[in-house]
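Please consult the sequence and the model before turning to the questions.

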Amino acid sequence: MDKEKIKNFIEYAQKLDGDEKGEAQVFCDRLFQAFGHKGYKEAGAILEKRVKSKKSTRFADLLWGDRVVIEMKKRGAKLESHRTQVFDYWWNLRPNQPKYSVLCNFDEFYIYDFSKQDEPLDRIKLEKLESRITAFNFLYPKSKEPIFENNLEEVTRKTAAQVVKVFNSLVDRGEKREDAQKFTLQSIFTMFAEDHGLLPDGFFTSLIMECLHNELSSYDLIGGLFKQMANPTKARGGRFKEIPYFNGGLFNEIAPLELNRQELFDLLEASKRNWSKVNPAIFGTIFQSSMGKDERHAYGAHFTNELDIYKIVHPTIIEPWMRKIKKANSLDQLKALLKEIREFLVLDPACGSGNFLYIAYRELKRLEMEIINRIHLEYTTGAKQIGTTSLVSLKQFYGIDLNEFAVELAKVTMLLAKEIAIKETQNWLSNSQMGMDFELEEVLPLDNLDTNIVYGDALFVDWIEADVIIGNPPYQSKNKMQEELGGEYLNKLWNAYPDIPGRADFCVYWFYKAHKTMKEGAMAGLVGTNTIRQNYSREGSLDYIVKNKGQIFNAVSSQDWSGDAVVFVSIVCWSKGEYNGTKKLYTEDNKGGFIEKILDSINSSLSVDIDLTKAKIINANKKPKVVFQGQTHGHSGFLLKAKDGYELSTKGTNQNVVKPFLIAQELVGDVNAQPKRFVIDFSGCDLYEARSYEAPFHIVSTEVLPDREAKAKKQERKNKELLEANQKARINKHHINFYNNWWKLSYGREDMIKAISKIKRYIAAARVSKRQIFEFVTSGINPNDALIVFAFEDDYSFGVINSIHHWEWWKAKCSTLKGDYRYTTNTVWDTFPFPQNPSIEQVREVAKASRALRDKRNEVMKSYSYSLREVYRLVEQHGKDPIKDLHIELDEAVRNAYGFEKKKDILQQLLDLNFEVAKKEKNGEKVQAPGLPGCIKDKSEFITDDCIKFIHDS
């Protein structure tokens, strides 16, 4: 770092008059020079960057790519008053927002990262710039991690970790969990209140020190404090006589505890931290997710960042209200808005520790002050009528959660929110142009939120008729619901919501109930697993919404979630009834960023341009069945190591039932794509025939039978309990069925085995994949359920299936798993139209290109010992590549077979063809089924020998 440049910049900036319009540009240019650039332009920054919002276009003073947006104000300006402006710039630069936002008045810098916290990460005086230069590390040509002094996330993590130590210790040594939770919550609020001036300075901290150093009783002292905080009658004397009345539900029940010395020490350390720097928006989640974990886990706990919450709160609350405020053009209209905003109701039916409600409350308070400010600035008589007091209340916010402690934590989060909002209002009024004394609402006594934020199962309790519903429902997948929720609960759920497919994910029920509960004109914004835009889950959620007066107006198609769950999510905001604003859909680009699309309407698959949800089932694709999921063995007793399996298969006729067993990792990830295991497969065998294969049968009867018997009996007992409780209960019989056919694989896919036994090779691919990788496999190898199997042996079918046409259809019509594409036969294959009228020469060209591609792949893999996955990772990189060229040639041959136009969208042409084929079927006309077309009489020229075969390593 050239300190001389920084000094020169400080001296130069101090000589400026501080004129916002006349000197902002030269200030920014000299700032960039101080950090090692030739100037802002050479660095690639833009001055006076046009930023479009809903109603207007404004100009940010400087934008430097994804690094920073800078907004200059005149010297002496109160920067706190301009936070909204720079936030709006940052927000409206979506989807390519800069990391940092800076406000500057020539003498001071406020640095924000709105994705993490609402308050500045740092406030730095110009004259201190040299000593605080590390806060501006992001301005260097090669960015470094900045060091900030007001990083609330770091403070909050450390503080939560300290309190968690106390809680965990209490529980570990035998205190009732409920008492430990109550004591901890009361302590959290008290430490917060102490640092916000609601208690005498240092009062709670001094009590802990007395207990620790004078060996006084925490049961008496801290318990006594909490009791006085719950008492509406002030103490007439003694040490608690200055303690105000708090109550509000939080201190209704006191559970005094006697802390040991270590607990007192840890509580003291927590109390010494600056609680005015703790961010309640994330504290609750960090604290709750860390309970029962060690300190390291507490410090590293995940939480939903504010950017993701804003993706719901901004479109459903901030933007609609800002439109109303800007549109109002009379005192009466503004007063009507003031009344409306003070009656506006917000519901989070999966509120957790209250982070969504916290931010919604904070933003609604700010919107109210926007209205008050306009009245004061534009209507003098109106100002006297309305005063300055904010009347948006915690009582306008409602939450439901099935975790009792989360409910209590959410109440504390909201109580903290009120104190912070009052302080912010006070600062805002102090810096405003209102020429009158102002009033502030009272923090104490605390609001009682016991009827607002409640414990309960949101799917089985009534919801209030809210103006907006927001939140992040639970993420259990359809596959885990049985295990995690139990059969009895699922029966209750299915009976209550018969319109939702039973295979839908759990979060779907919140989308459905939210829309069903909403009044006309209400809005909602929820986070769901990204399966809500796919298949069964979409049917019960977004399909239901758009078919019942719902309009999706803002959505993120898919993104990695910032919260605890390792999951990809969709974020959807919608209205019930007409929505007249701009509709925006955000989709991921190839670089991990987002692309913003302005659309006339957003479909229920959250896809751009082409709505493939309308694609029809093609009967010719379903019958005869040619695409299958591989075998699910269901028990390790069916599996053998490759060496043992091979030896067993060579004895007698065992090769009929002992087969190599290929998994997806081996297909795409191993150099030789060799099965490492064999499977004992009695598909098609009754018990007598299975018994004739003595050695394999003995293995299965020894390894599998006892387990299946035990699990079946357990399931029978569970079913009996369910039916006794409810005669109409749905019961699960899969373990019973496995036991009835105990010698067979759980899902042997006998129809698949029969289909591939008639051909010498089949096409296989990983069922869940990031990329299209297909390969031929000999029919002597059984495919595992991680593979999708296409029962074709010809090169033409391979070419069509391996083309960009099938891959684009797969991506658009499939479900996803953690961001990868999962092949779903009913949505992908059953709707995918094959070329309908290819000529013999076109079929030959596809087959030829198909063979050329596989030959080149095999050559590269053999020469360099590459797996298929390694080959395709290289193909995806920039640069000329022979395999890439062969894929292009194949795609062109397939396009010609379809008769598609080169410049038209592939998916649109496939969808049109899908409609055409389905219409012909409906009219009884003949259509071309998948596979070699009818014009081919001699199939032999299209069937070659290359495929994966099992190689015995002797």
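The questions below treat strands, helices and single residues in turn.

Reader: On what basis is this structure described, and how are its residues numbered?
Author: This is a predicted model, in which local features need pLDDT of at least 70 and side-chain atom pairs count only at pLDDT 80 or more, while totals for chains, interfaces and linings use all residues. Side-chain values use heavy atoms, with hydrogens and water left out, and residues are numbered from 1 along each chain as its sequence is written.

Reader: Is strand 20 largely enclosed or left open by the rest of the structure?
Author: Helices (H or I, at least four residues) and strands (E, at least two) are DSSP runs, numbered from the N terminus. Buried means under 20% relative accessible area, exposed over 50%, and partly exposed in between, with a 1.4 Å probe and protein chains only. Arg761, Ile763 and Ala765 point one way from strand 20, and Tyr762, Ala764 and Ala766 the other way. Six of the six residues of strand 20 (residues 761-766) are buried, so this strand is largely enclosed.

Reader: Which residue in strand 24 is the bridge partner of Ile763?
Author: Two strands pair if DSSP finds at least two bridges between them. Strand 20 is joined by five bridges to the antiparallel strand 22 (residues 774-778), where Ala765 has Phe774 as its bridge partner. Strand 20 also pairs with strand 24 (residues 787-790) over four bridges in the antiparallel sense. There, the partner of Ile763 is Phe790.

Reader: Which strands stand at the edges of the nine-strand sheet?
Author: The nine strands form an open sheet with mixed pairing, in the order 9-8-7-10-11-13-12-14-15. Each edge strand has a single partner strand, so one side of each is left without a neighbour in the sheet; the two are strand 9 (453-455) and strand 15 (594-599).

Reader: Which residue in strand 14 is the bridge partner of Val556?
Author: Strand 12 (residues 550-560) and strand 14 (residues 583-588) are parallel and pair over three bridges. The partner of Val556 in strand 14 is Tyr586.

Reader: At what angle do the axes of helix 6 and helix 9 cross?
Author: Axes are lines fitted to C-alpha atoms, for helices over the stretch in contact, and angles run from 0 to 180 degrees between N-to-C directions. Contact means heavy atoms within 4.5 Å, and Phe183, Ser187, Met191 and Glu194 in helix 6 meet Leu267, Ala270 and Ser271 in helix 9. The axes of helix 6 (residues 177-195) and helix 9 (residues 261-272) come within 10 Å, and the crossing angle is roughly 35°.

Reader: Which helices do the buried residues of helix 9 pack against?
Author: The buried residues of helix 9 are Glu263, Leu264, Asp266, Leu267, Leu268, Ala270 and Ser271. Their packing partners are helix 5 (152-172), helix 6, helix 7 (203-213) and helix 8 (218-229).

Reader: What is the omega of the peptide bond that joins Leu444 and Pro445?
Author: Pro445 lies in the loop between helix 16 (404-431) and strand 9. The bond from Leu444 to Pro445 is cis, with omega of about -5°.

Reader: Is Glu215 buried or exposed?
Author: Glu215 is found in the loop between helix 7 and helix 8. Although Glu215 is not a glycine, its phi is positive, about 55°. With a relative accessibility of 66%, Glu215 counts as exposed.
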